[in-house]
Amino acid sequence: AGLSVINAILSASLLACILVRLRRLGAGAASSCWVLLASAVIMHQRFLMRPENVSYLYLALLALLLDRHLAAESRRVPDPAAGFEAAAAVRRLWPVPLVHLLWANTQGLFVLGWVVVGTYWVSASVRARRPDRPLALALAASVLACLANPYAVTGLLFPFRLLSRFDRSNVFARHVGEFQPLWKVGGLFEDQV
């Protein structure tokens with residue numbers, strides 16, 4: 001019962017983050033409700049009790065934090081001598097490594113956060129026509145924060161070990177539904193060992 005309650009809280013929190021992000025991006029109340037409904041219907045299988053549900057919430061939180069940073073950077077008038085703006089950016093981004101610290105200690109897909117932060121860094125750097133140093137520092141701090149787990153470097157490299165499960169010779173790749181292409185999900189056990 002406790003796991004079901006936690007899973008329900010995770011699912012509701014994910015939808016709440018999506019709603020906040022939609023509203024920040026300027027979506028109206030009615031369109032936001034329709035997007036949330038469509039999201040819930042599309043993701044209904046993912047709302048079952050699965051370890052990666054935590055990762056969905058962390059991804060949504062990262063998107064909220066990074067969207068806020070990009071919005072603030074786009075309003076800022078560039079002034080290379082201004083240290084105040086850099087300090088404000090660091091204050092906006094300090095939760096990013098914290099999210100990674102929690103993520104690395106709760107679920108193994110934390111490397112997706114690195115990809116998301118890296119993508120935002122490329123976007124912000126291209127927009128500003130200069131590297132976004134605070135975002136680069138947040139990415140570096142996020143990687144370092146992921147080292148703070150019970151297994152240290154082994155835990156940091158764990159997601160890369162999981163990649164071997166996508167190899168067709170791996171028993172997990174042949175029989176676990178999450179690793180199957182969408183067009184093959186119906187015939188999971190056709191190629192028995």
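Analyst: The protein has nine helices and zero strands. Helices (H or I, at least four residues) and strands (E, at least two) are DSSP runs, numbered from the N terminus. This is a predicted model, where local features need pLDDT of at least 70, side-chain atom pairs count only at pLDDT 80 or more, and totals for chains, interfaces and linings use all residues. Residues are numbered from 1 along each chain as its sequence is written, and side-chain values use heavy atoms, with hydrogens and water left out.

User: What makes tryptophan 114 count as buried?

Analyst: Its relative accessibility is 16%. Buried means under 20% relative accessible area, exposed over 50%, and partly exposed in between (1.4 Å probe, protein chains only). Tryptophan 114 therefore counts as buried. Buried residues make up 35% of the 193 residues in the protein.

User: Why is the pair of tyrosine 58 and tryptophan 103 called tilted?

Analyst: A search of the whole structure finds three aromatic pairs. In this one, the ring centres are 5.4 Å apart and the planes stand at 35°. Rings of Phe, Tyr and Trp (its six-membered ring) pair if their centres lie within 6.5 Å; planes under 30 degrees apart count as stacked, over 60 as edge-to-face and the rest as tilted. So the pair of tyrosine 58 and tryptophan 103 is tilted.

User: What does the pair of tyrosine 58 and tryptophan 103 tie together?

Analyst: Tyrosine 58 lies in helix H3 (residues 53–75) and tryptophan 103 in helix H5 (residues 95–104), so the pair links parts that are 45 residues apart in sequence. Both residues are buried.

User: How do you know that tryptophan 114 and phenylalanine 160 are a tilted pair?

Analyst: Their ring centres are 6.5 Å apart and their planes are at 40°, so this pair is tilted. Tryptophan 114 sits in helix H6 (residues 111–128) and phenylalanine 160 in helix H8, so parts 46 residues apart in sequence are tied together. Ring pairs also link Phe110, Trp114 and Phe160 into a cluster. Phenylalanine 160 has 42% relative accessibility, so it counts as partly exposed.

User: What makes up the nonpolar surface patch?

Analyst: Leu144, Leu147, Val153, Leu157, Phe160, Leu163 and Phe166 make a patch of about 670 Å². Patches are made of residues with over 30% relative accessible area and no salt bridge: like charges are joined within 9 Å, nonpolar side chains (Val, Leu, Ile, Met, Phe, Trp, Tyr) within 5 Å. A salt bridge is a side-chain nitrogen of Lys or Arg within 4 Å of a carboxyl oxygen of Asp or Glu. Helix H8 (residues 153–162) gives the largest share, three residues. Leucine 157 is found in helix H8. At 44% relative accessibility, leucine 157 counts as partly exposed.

User: Where is alanine 152, and why is it called partly exposed?

Analyst: Alanine 152 is in the loop between H7 and H8. Its relative accessible area is 35%, so alanine 152 is partly exposed. Alanine 152 also has a positive phi, about 55°, although it is not a glycine.

Technical notes. Accessible areas come from the Shrake-Rupley method with a 1.4 Å probe; for residues, only the protein chains shown count as cover.
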